[in-house]
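Please find below a short note on the model under review.

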Amino acid sequence: MASRSSRLMLPLGLAAGAALLAGLYVGLVRAPADAMQGEVQRIMYLHVPTVLVAYLAFFVVLVGSVAYLLTRRERWDILAHASAEIGVLFTVLTIAAGAIWGKPTWGAWWTWDARLTTTAILLLIYIGYLMLRAAVEDQARGARYAAVVGILGFLDIPIIHKSVEWWRTLHQPSSLARGALDPVFYPPLALNLMAFALLYAFLLAQRVELGNLEAEVLRRRLEE
Amino acid sequence: MGRVWALARKDLLTEGRSKETLNGLLFFAALVLLIFGFALGPDPERLTQAAAGVLWVGFILTGLLGLTRAFQVEQENESLEGLLLYPGDRGAIYLGKLVGSVVFMLAVEVTVFPCFAFFYNVPLWRALPGLLLTAALGTVGFAAVGTLFAAMTMHLRAREVMFPLLLLPFVVPVLLAAVKGTEAFLRGAGRAEAFPWLTLLGLFDLIFVTLSLFAFEWVVEE
C-alpha cells in the first residue's frame, strides 16, 4: 500500500505545484483588477479557495470520524486526524488573508461579522480537537474521543453560524452565493480553487502516509 | 428512567449533605459579578447594558467548575467504573449526570439572581419568569455538551485546561442566545423579542442532548 501511494505522490505534488504557480500568475497578472476595490481584491484568489478547502477538510474529518466509530479501522482515524491538521492550516490562512484584505477595505483587521466570527470559532473547535488528540495517551481512546469531537463539531457549525448571524444582523452575504461576482473573475477563481484542492489532496496524502508510518512504528515497538 | 433519577438523586444528595461545592460556587458566582463591576466601572448605564452578558459569563464560569467537579468526585473514589459495570444502557448514566448537574447549576443560578439584581440594579421581579426560563434552557444546553466533555477529559492530566478549551467554542450559540434572551426580558421587551432566542436554545438542547446520549457510549467504552 505504501508503494502505491508514494508512486501517486510525485505526480500529485507536481500537479499541485504547477496549478498553484499558474493560479498565482493568472490571479495576480492576467485577471483584471476590481473596479471598486482595486488590486486588493486579488486576495480573493487565496481567500475563497482556502476557506472552501478548509470546509472540505472538516467534512472529511466528519466522514473519517463516523467511519472510524462504525468500523474501528485505524486508517479512518488517521485520515480524520490528517484532514483536521490541514483544515486548521487552511482556516488560519483564510483568516490571515481575510484580515489583510479587511484592513484596507473596511479599515480594520477584524470585524464581528457573522462569517468571520463563525470561522474563528470553527478554528477553535478543531484546535481543541487536535489538542485533545495530543493529550490522550491511549491510542484507541484518543481516536474515539477525537471522532466524537469531529462529529459534534461539524454538526455544531450550522448552529453556530445561524446564531452568530442572528446576533450580527449586519452581515454581508458571500459574493459567490449572491451572484455579485462579475463572470470575468470566475476562470481565475476556478483555477485557484483547483490548485488549492490539489494542494489539499497532496498534503493529505503525505500526512496520511506519515500517520501510517507512525502507527507502524508504534505497532513494532509494542511487539518488541 | 428509574436509573436516571436514582443517579441524579445520588449526586444531589451527596452534594446536599456536604455542600462543599455548592457554597464555593455560590461565592464564586457572586465574586464574578463583583469583579465585572470593577472591570466595567461604576457607571450605572454601562452596568445595565452589560448586565445580561456579565450574568451569563458568571453562569458559564461557575458551570465549568461545577461540571468538572461532578466527574472529579466519581474519579476520586473510582466509582464511575463501578457505575459502568452495572448491566443495561449507559445512556442512563449520562442522563443521570446531566439531570444532577442541571439541577445543581440551576440551584446556584437561582440563588445568584438576587445578588445580580442587587449589584446591577435590575428589575428582578417583573422579569423573573422569563429569566428563569432562559436560565433553564441555557443551562440544559451548556450541561448537555459539558457532561459529555467532562467525562471525556476527566482522565487527562491537563483536564483543567482541556475541558474549557474543548467546551467553550461548542457552546457559543448557547451563550449568544441566552444573553440575548436575558437582555430582552430585562428590558421588558416582551416575549416576541426573546422568542427566537429561546427557540434556538430549545433546538440546541434537543440536538445536543440526543447526540451526546449516543456519543457517551463511545466515550466510556473500554
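**Notes on the predicted model**

1. Leu116(A) is partly exposed because 19 other C-beta atoms lie within 10 Å; a residue counts as buried with 20 or more other C-beta atoms within 10 Å of its own, as exposed with 12 or fewer, and as partly exposed in between, C-beta atoms being placed from the backbone. This is a predicted model, in which local features need pLDDT of at least 70 and side-chain atom pairs count only at pLDDT 80 or more, while totals for chains, interfaces and linings use all residues. Residues are numbered from 1 along each chain as its sequence is written, and chains are lettered from A and ligands numbered from 1 in the order in which they are written.

2. Leu116(A) belongs to helix α4 of chain A, residues 114-135. Helices (H or I, at least four residues) and strands (E, at least two) are DSSP runs, numbered from the N terminus. Neighbours within four places in sequence aside, the contacts of Leu116(A) are Gly98(A) and Thr111(A), a contact being a pair of residues whose C-beta atoms, placed from the backbone, lie within 7 Å. Between the C-alpha atoms of Leu116(A) and Glu224(A), 108 residues apart along the chain, the separation is 50 Å.

3. Chain A contains six helices and zero strands, in the order α-α-α-α-α-α from the N terminus. Its C-alpha trace spans about 65 × 45 × 25 Å along the principal axes. Of the 224 residues in chain A, 37% are buried. Where contacts in chain A join residues at least 6 apart in sequence, 78% of them link residues at least 24 apart.

4. The largest nonpolar core has 120 residues, and Ala57(A), Val145(B), Val171(B), Leu175(B) and Leu201(B) touch the most other members. Helix α6 of chain B (residues 124-153) supplies the largest share of this core, 14 residues. Such a core is a set of buried Ala, Val, Leu, Ile, Met, Phe, Trp, Tyr and Cys residues joined through C-beta atoms within 7 Å. Beyond four places in sequence, Val145(B) is in contact with Leu167(B), Phe170(B), Val171(B), Phe208(B) and Ser212(B).

5. The contact between the chains takes 22 residues from chain A and 20 residues from chain B. On the side of chain B that touches chain A, the elements giving two or more residues are α7 (159-170), α8 (172-187) and α9 (191-220). The largest share of that side, seven residues, comes from α9(B). Its residues divide into 19 nonpolar, no polar and one charged, where Ala, Val, Leu, Ile, Met, Phe, Trp, Tyr, Cys and Pro count as nonpolar, Asp, Glu, Lys and Arg as charged, and the others, Gly among them, as polar.

How values were computed
Two residues are in contact if their C-beta atoms, placed from the backbone, lie within 7 Å.
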